[in-house]
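Student: I am new to this structure. Please show me how to read its features one by one.

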Amino acid sequence: MTKASPLKIAIAGLGTVGGGTVQLLHDHAELLAARAGRPLVLVGAAALVKPADLALDNVPFFTDARDMAKTCDYDVLVELIGGAKGIALDVVTTALERGKSVVTANKAMIAHHGVALARLAEANGGNIGFEASVGGGIPVIKSLREGLAGNRVTKVMGILNGTCNYILTTMRDSGRDFADVLAEAQALGYAEADPSFDIDGTDTAHKLAILASLAFAMPVNIEAVSCEGIRNVSALDIRYADELGYRIKLLGVASLSDQGVETRVYPAMVPLSFPLAHVSGPFNAIVTEGDFVGRTVLEGRGAGARPTASAVVADLMDLATGRVGPTFGLRVDALKAQPAAPSGAHRSAYYIRLMVRDEPGVFADVAAALKADKVSMEQIIQRGRAPSEVVPVVMTVHETDEASMLRAVERIRALASVTDLQLIRIESL
């Protein structure tokens, strides 16, 4: 019996995820070889500095990942450098041009260049695995590309950023406001020194664009994703959400209808009866709706060395066993661009929190602004009275189209008695 040749792996980037991947390949070498029917062997590693704590003694080491991508004898290049362009894109492009396969955790690169890279892979006989780019250790890419292949998927939504979910969970548990909790998250290492990529929703948008492509058999279209972050969510809003029976989560939502595709990132109030309401801390979760399977829910750790390394190695195992297919489930030429659904036609219920001067006629003015655009109020909450002082007033309104809601909001903002307004969507089941 001929012994199967090893899968030769070169890894570019030895940070948190890269280090976790090297450790997993080392610690589980026998298990992986047994499951793959062949060894998985590191034949090259690249980083600016060689980490002393990784098992790389007999592995050729490169301080220039571009040099490794060009010259090393490997079957698959694992790119864990990060960034939509620059050296990460260079080494991936080089590997694909050489007819090699690529595994990456780089959601920004896949969101911006995934289609072009998939085309390059097809032209040269390589493959691209990117399970680790969305959801850390959650196998959502395989779920959409393989497990749900027999379904017409109409919706994908989820909590896709652990930093934001940690901040919102801590705000609720502690009663503290956003800025205070963000500073704590930075001190603990849950948030970057510049957290804008996470808290402004960019990271979630990259992941959502990838999921929408897989779900709806369309090219990745990051430009079509509208994005709102969590900077303006206050502890006051979170307290009112609790009172109303909701949790506030940063969601990525992609839906397909007769009007086209919607891809949006926004903070939303989620009913307690919905699975996403109870996903806390740094965890991620993704919900899909398929016409035959119905609703599926995947939950797990969305980042970190071990969960993300698990996803990287899952892709390596697919390559080792030959369980590979087109990057986005279909060949690039078979992906069909979808029209964007009109944003103003989106329908939702809404939470509105006003800070108003407690003066006669305030409620009548607000009600008139809503009525002018046929927005129907569901309930209103005001705690106490403070004549001539600024007080919070909270309302929820019945489902309405977004264009009408935004016109009503502008009317309310223009009222002299209103000093602040917060608008948050209420996500329906």
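**Contacts, sheet, helices and phi**

Tutor: Contact means heavy atoms within 4.5 Å. This is a predicted model, where local features need pLDDT of at least 70, side-chain atom pairs count only at pLDDT 80 or more, and totals for chains, interfaces and linings use all residues. Residues are numbered from 1 along each chain as its sequence is written, and side-chain values use heavy atoms, with hydrogens and water left out.

Student: Where does R66 lie?

Tutor: R66 sits in helix α3 (residues 65–71). Helices (H or I, at least four residues) and strands (E, at least two) are DSSP runs, numbered from the N terminus.

Student: How is the accessibility of R66 classed?

Tutor: Buried means under 20% relative accessible area, exposed over 50%, partly exposed in between (1.4 Å probe, protein chains only). R66 has 34% relative accessibility, so it counts as partly exposed.

Student: How do I read a sheet?

Tutor: Strands of a sheet pair through backbone hydrogen bonds, either parallel or antiparallel. Two strands pair if DSSP finds at least two bridges between them. Here 6 strands form an open sheet, in the order β3-β2-β1-β4-β5-β6, with parallel pairing.

Student: Which strands stand at the edges?

Tutor: β3 (61–62) and β6 (128–129) do; each has a single partner strand, so one side of each is left without a neighbour in the sheet. Helix α4 (residues 87–97) packs on the sheet and touches β4, β5 (101–104) and β6. The direction of α4 makes about 170° with that of β4.

Student: What about helices that pack on each other?

Tutor: Axes are lines fitted to C-alpha atoms, for helices over the stretch in contact, and angles run from 0 to 180 degrees between N-to-C directions. Helix α1 (residues 16–27) and helix α12 (residues 305–321) pack at about 60°, with axes 8 Å apart. α1 and α12 are therefore oblique to each other. Angles under 35 degrees count as roughly parallel, over 145 as roughly antiparallel, 65 to 115 as roughly perpendicular and the rest as oblique.

Student: What should I look for in phi?

Tutor: Most residues other than glycine have a negative phi. A217 has a positive phi, near 50°. A217 is in the loop between α10 (202–216) and β8 (226–227).

Student: Is K374 buried or exposed?

Tutor: K374 is exposed, with a relative accessible area of 76%. Its phi is positive too, near 60°.
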